[in-house]
Amino acid sequence: MPKNTKVTQLQHSNEPVTESVADLLSLEQPMDYKSSQMSMGLSPGSVAPGKSLLPDPDAEDGRPAWNNKLEYILAQVGFSVGLGNVWRFPYLCQKNGGGAYLVPYFILLILIGIPLFFLELAVGQRIRRGSIGVWNYVYPQLGGIGVSSLMVCGFVGLYYNVIIGWSIFYFFQSFQYPLPWAECPFQRNGSQVIVEPECEKSSATTYFWYREALNITSTINDTGGLNWKMTLSLLVAWILVCLAVIKGIQSSGKVMYFSSLFPYVVLFCFLVRGLMMKGAVDGIAHMFTPKLEKMLEPQVWREAATQVFFALGLGFGGVIAFSSYNKRDNNCHFDAALVSIINFLTSILATLVVFAVLGFKANVMNEKCVVENAEKILSYLNTGVLSKDLVPPHINFSHLSAQDYSEMYGVIKTVKEDSFGQLGLDPCILEDELNKAVQGTGLAFIAFTEAMTHFPASPFWSVMFFFMLINLGLGSMIGTMTGITTPILDAFKIRKEILCVVCCIIAFLLGLLFVQRSGNYFVTMFDDYSAGLPLTVVVILENISVAWIYGTKRFMQDLEDMLGFRPYAFYYYMWRYVSPAILVVLIISTVIEMAVSPAGYNAWVESEGSEQFHSYPPWALAMAYALIVVAMLPLPIIYIVRQFNLVSDGSNKLSVSYRKGMMKDISNLEEQDEQRFILSKNPSEAPSPMPPHRAYLGPGGTQEMTNTNYGTSTKTGYQNIGSPESEL
């Protein structure tokens with residue numbers, strides 16, 4: 001080969017490869033449509049058969065890969081199945097009509113969940129980059145999608161790991177008998193020993209959560225200083241996350257064998273144990289008794305869409321990052337359907353467990369209510385306030401059932417209508433106890449802990465439950481951290497170990513905001529504002545960039561080349577019309593909800609032993625809206641700087657994987673026939689890789705994408721034609 005050719009110069013140069021794709025393509029063999037990395041809409045007959053434009057990407061790019069398919073599936077399941085499946089889904093199911101809620105949820109899972117999950121899997125697997133690299137190559141002007149996704153991952157990871165820290169604290173507290181939240185503590189008042197007033201006004205488990213665990217302040221304005229117990233728990237949580245991700249997918253994949261499968265073992269154990277308890281059937285029957293009128297309320301559909309959206313982890317970047325370590329011919333369509341169905345069935349399983357436990361708890365609380373009120377009635381009978389004639393003769397106070405009490409309560413209420421309110425009697429209706437919805441952290445750290453105090457061998461069940469929560473949280477955190485580290489590692493030459501350690505240290509320091517005594521209020525703020533709207537915007541832009549800018553037909557053809565079969569036409573209509581429309585409605589309804597609903601938090605009032613809604617002070621409200629603005633700010637900034645060419649978008653540079661493969665391929669050029677790599681003797685005569693009879697049009701359909709002569713960069717308003725990772 002002549003020594004002055006560009007390929008030879010690149011071989012002997014230590015400089016990074018910065019030649020345009022067109023330069024190197026002019027030295028390559030003719031393109032084979034079927035084996036090319038992206039078809040770009042060419043017809044099969046327009047290129048020479050049996051030839052491959054690119055080296056084998058899976059073998060040559062040096063990118064880490066999953067050890068096997070099972071590890072990858074478990075990682076995706078671990079990321080999508082998280083704490084929200086255990087507490088948020090059951091709460092929404094109870095709140096929005098029980099069994100009737102499953103109908104809109106399942107419909108929206110089919111319409112937006114699976115199609116968008118499939119889309120993220122496909123682009124990640126095809127381009128083999130993190131979220132930033134993927135969307136830079138798809139459409140550089142929308143490269144801010146990946147940056148916004150990374151920032152949201154950061155916000156969510158900060159407070160999500162705090163919840164794991166809470167679970168760690170409860171896990172270690174569970175190695176006691178009786179459990180420390182089983183009974184209210186006592187305090188001395190002079191010579192008397194009395195029950196702690198705050199605990200007496202609430203409950204033992206509620207008191208332990210707010211006072212012993214969080215030691216919470218009464219307002220968000222009062223920070224109260226650091227809670228050292230939760231600070232240590234948060235430190236342990238970040239150490240666990242760092243150890244899980246520091247070795248990359250080779251180690252985190254093995255971690256997933258345990259962290260993804262163990263929660264199912266615990267859930268099945270809890271389900272079997274729960275079904276054996278008194279009242280469990282009442283809870284499950286209440287759960288699946290459909291309130292069909294609820295299906296007509298728009299709020300139910302909005303909350304179902306939001307839950308579908310976040311249950312699969314769309315927009316976080318973790319899905320893309322995990323799939324980027326797959327081979328390009330992996331059947332990601334099967335993966336999308338499998339993981340989505342597993343996620344849905346896990347939510348159903350967790351809901352059965354939750355309502356079996358809550359049904360047992362409701363029966364216990366109802367029996368306690370009956371006993372307490374029966375004692376009041378006995379005292380009224382003994383003092384003559386009530387006549388003994390009001391008590392039916394068949395009622396035995398030593399074995400008083402809920403049905404007997406209800407009958408006696410009705411008689412007394414009818415006879416003592418004028419003065420009934422002064423007696424202070426409660427109706428003790430089981431349905432009322434079942435209707436007491438507990439949302440979010442309260443379900444795990446108050447309702448579940450209270451139910452477990454009534455279990456035989458309660459410390460064992462408590463240890464299992466919180467160990468399950470830790471594993472669920474770690475599975476999601478590994479995916480979240482991968483969504484952060486993978487784009488950075490793709491963009492910069494940083495040692496993975498150093499990056500993981502630095503990220504975890506910074507996150508722990510920032511996370512100290514959440515382990516102040518007022519930290520729970522900031523967890524609520526971040527949960528409400530940092531992810532919802534920004535992620536919805538991110539996902540609709542992902543959908544638009546693929547379906548409308550790149551083109552749905554072209555994307556379907558690329559999938560056929562990659563998978564070996566053409567996906568159903570169903571996906572074409574979902575990606576192009578239905579999913580974007582639903583996401584637009586979701587964004588509009590979210591904005592309206594934020595504008596109409598007062599912004600605030602539930603503060604714990606120590607003197608009353610209960611929560612009370614407080615509006616955010618101005619500084620906190622500004623902070624809440626700043627989270628939304630900061631998360632979405634990269635979108636317009638990167639669009640502007642790239643649209644007006646203020647900063648190079650890098651789209652005329654070879655991708656890392658292509659560079660590595662090409663450099664390996666050209667290392668043997670001196671020993672091989674020059675005519676295998678150069679299609680003509682003169683560079684100016686090198687044919688274009690595009691067929692002469694069919695010029696490719698850019699996304700707008702008006703700008704023709706053509707190659708220049710050898711030695712010049714190919715630059716268009718969209719992407720370079722030959723880059724294997726910029727063609728999508």
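View 1. At 12% relative accessibility, Arg211 counts as buried (buried means under 20% relative accessible area, exposed over 50%, partly exposed in between, with a 1.4 Å probe and protein chains only). Before we zoom in further, note that this is a predicted model, in which local features need pLDDT of at least 70 and side-chain atom pairs count only at pLDDT 80 or more, while totals for chains, interfaces and linings use all residues. Residues are numbered from 1 along each chain as its sequence is written, and side-chain values use heavy atoms, with hydrogens and water left out. Glu606 forms a salt bridge with Arg211, the closest N and O atoms being 3.7 Å apart (a salt bridge is a side-chain nitrogen of Lys or Arg within 4 Å of a carboxyl oxygen of Asp or Glu). This pair links distant parts of the chain, 395 residues apart: Arg211 sits in helix α10 (residues 204-213), and Glu606 in the loop between β3 (600-605) and β4 (610-615). Helices (H or I, at least four residues) and strands (E, at least two) are DSSP runs, numbered from the N terminus. Glu606 is partly exposed, at 42% relative accessibility.

**View 2. The salt bridge of Lys69 and Asp335.** Here the closest N and O atoms of Lys69 and Asp335 are 3.1 Å apart. Lys69 belongs to helix α4 (residues 69-80) and Asp335 to helix α16 (residues 332-383), so the bridge ties together parts that are 266 residues apart in sequence. Lys69 is partly exposed, with a relative accessible area of 35%, whereas Asp335 is buried at 0%.

**View 3. The annotated binding site.** An unreviewed UniProt entry places the feature "binding site" at Gly78, Val81, Asn85, Asn343, Leu472 and Ser476. These positions spread over 399 residues of sequence, yet they cluster in space, with a largest C-alpha distance of 12.6 Å. UniProt positions follow the numbering used here, feature names are shortened, and annotations may be inferred rather than shown by experiment.

View 4. Asn85, in helix α5 (residues 83-95), is buried with a relative accessible area of 3%. Its side chain reaches the backbone nitrogen of Gly82 at 2.9 Å. Leaving aside neighbours within four places in sequence, Asn85 is in contact with residues including Asn343 and Ser347 (contact means heavy atoms within 4.5 Å). Leu472 lies in helix α20 (residues 458-491) and is buried too, at 6%. With neighbours within four places again set aside, the contacts of Leu472 include Gly78, Val81 and Tyr160.

Definitions and conventions
Polar contact = N/O pair within 3.5 Å; in protein donor to acceptor, adjacent residues only side chain to side chain.
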